[in-house]
Amino acid sequence: MAVELVLNPETVRMIIQKARAASSSLQDTFEGGHEGEVEFDSDKLSEAYRHEGLVEEERDDLTADELVALLDDLNVDEAAELVAIVWVGRGDYDPSDFETARDEARSRAHGPTARYLARMSLLADYLEAGLDSLDL
């Protein structure tokens, strides 16, 4: 069931790529869901640490930030459509109910849509499934 979108499907595919890259760059630092214990050797730590001024930690991987920036750039209609595609993709709505999902997404948008979407670990999968369901 193809629908007419304000949001270009190619833009959605670009968001899918960014979401996949962002989720793959997350490091799983917990084994089996538990934090590992960390032990410090205070002798080695004091020998190795020399304070030469404050240095800000830089992140080489800005993919998650790029995803949020891309989502923040969407206008209200585009953001509502993207959320509706996610909802169709994860099975909350049938493809035939896309317009209802879009209207519901627009009416429920009380906070930053970028934050809502970027926190979804399966965002790329939901968007891809939504596009497929909508024949886009």
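Predicted model: local features only at pLDDT ≥ 70, side-chain atom pairs only at ≥ 80, totals over all residues.

Analyst: Residues are numbered from 1 along each chain as its sequence is written, and side-chain values use heavy atoms, with hydrogens and water left out.

User: How many salt bridges does a search of the whole structure find?

Analyst: Side chains of opposite charge can pair when their charged atoms come close. A salt bridge is a side-chain nitrogen of Lys or Arg within 4 Å of a carboxyl oxygen of Asp or Glu. The search finds nine here. In one of them, Glu128 meets Arg20 at 2.7 Å, N to O.

User: Which parts does the pair of Glu128 and Arg20 tie together?

Analyst: Helices are DSSP runs (H or I, at least four residues), numbered from the N terminus. Glu128 lies in helix α7 (residues 123-133) and Arg20 in helix α1 (residues 9-25), so the pair ties together parts 108 residues apart in sequence. Arg20, Asp125 and Glu128 are linked in a network of salt bridges.

User: Is Glu81 buried or exposed?

Analyst: Buried means under 20% relative accessible area, exposed over 50%, partly exposed in between (1.4 Å probe, protein chains only). Glu81 has 2%, so Glu81 counts as buried. Arg102 is buried too, at 15%. Arg106 is partly exposed at 34%, and Asp77 is partly exposed at 35%.

User: At what angle do the axes of α4 and α5 cross?

Analyst: Axes are lines fitted to C-alpha atoms, for helices over the stretch in contact, and angles run from 0 to 180 degrees between N-to-C directions. The axes of α4 and α5 come within 8 Å and cross at roughly 125°. Angles under 35 degrees count as roughly parallel, over 145 as roughly antiparallel, 65 to 115 as roughly perpendicular and the rest as oblique. α4 and α5 are therefore oblique to each other.

User: Which residues of α4 and α5 meet?

Analyst: Contact means heavy atoms within 4.5 Å. Among them, Ala80 and Trp87 in α4 and Phe98 and Ala101 in α5 take part.

Key. Helix = DSSP H or I, 4+ residues; strand = E, 2+ residues; numbered from the N terminus.
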